[in-house]
Amino acid sequence: MTGTTDDDAIDAADDVIDTTSLYREFGDDRLPPGQRETSEFPVLSKSGTPAWDPESWEFTVTGAVDEELAFSWEEFRELPSETQRQDFHCVTGWSKFDCPFTGVPFPVLAELAGVSDDAVHVMFSALDGYTTDLPLEDCMREEVLFAWGYDGEQLPADHGGPLRVVTPHRYAYKGAKWVDGVEFLTESERGYWERRGYSQTANPWEEERYS
Ligand SMILES: Nc1nc2c(c(=O)[nH]1)N[C@H]1C(S)=C(S)[C@@H](COP(=O)(O)O)O[C@H]1N2
Ligand SMILES: [Mo]
């Protein structure tokens, strides 16, 4: 992992870590059951693409941590980042293979904040009012990225730029676009789609679509 600035977003794509074999942990096939592969990258948002201001944007880490953290956009971009080739599985039935995302692995942020022993769950929040939740152990993986880059460019706004979460081991609604906060919880809570009947665990290889 190397520190990066906006200028070397493209250089960061040079060393790509292939995480596409993580499916072997969950099933025999790279394509989860009931999914079809697409080369498109559809946009799925509950409402429109929110505006953001790099001057006032703030990302916070709160809740059951030793030290709550707040980052400006400039500070966040100085965190150690890496580029991974990842698969992306939408609960509506499409999967996109080999997505090159660049960003900060979840465990890096967790380490900086110091996660409390009684933390068991995580809630992500976003600029459009979206929230999504995951068990802590499903977040503490190198493949869960706070991604600011896609295919060597800044992440497009429709796909969650400036910053989104990606969760290649879970359906993609677990990855909050326009993420601006992560809260560590001592009890499980439900996010936007989880309150509306979607699965809390969302494992594509078990077809955990609804709860
Ligand atoms: N903030 C926010 N994040 C979100 C959503 C949303 O509406 N708002 N939609 C989710 C859903 S249902 C999916 S499938 C993916 C879609 O990401 P994409 O638009 O880049 O394909 O983002 C997820 N993250
Ligand atoms: Mo989705």
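Colleague: In what sense do strand 7 and strand 12 pair, and over how many bridges?
Modeller: Strand 7 (residues 121–126) and strand 12 pair in the antiparallel sense over six bridges, where pairing requires that DSSP finds at least two bridges between the strands. Strands are DSSP runs (E, at least two residues), numbered from the N terminus. This is a predicted model, in which local features need pLDDT of at least 70, side-chain atom pairs count only at pLDDT 80 or more, and totals for chains, interfaces and linings use all residues. Residues are numbered from 1 along each chain as its sequence is written, chains are lettered from A and ligands numbered from 1 in the order in which they are written, and side-chain values use heavy atoms, with hydrogens and water left out.

Colleague: And what about strand 3 with strand 12?
Modeller: Strand 3 (residues 58–63) pairs with strand 12 in the parallel sense, over four bridges. V182 of strand 12 is the bridge partner of V61, and V182 is also the bridge partner of F124.

Colleague: Why is strand 12 largely enclosed?
Modeller: Six of the seven residues of strand 12 (residues 179–185) are buried, so the rest of the structure largely encloses it; buried means under 20% relative accessible area, exposed over 50%, and partly exposed in between, with a 1.4 Å probe and protein chains only.

Colleague: Switching to backbone: which residues does the cis peptide bond join?
Modeller: It joins G161 and P162, with omega about 20°, and P162 sits in the loop between strand 10 (153–154) and strand 11 (164–166).

Colleague: Is A202 buried or exposed?
Modeller: A202 is buried, at 0% relative accessible area, and has a positive phi of about 55° although it is not a glycine.
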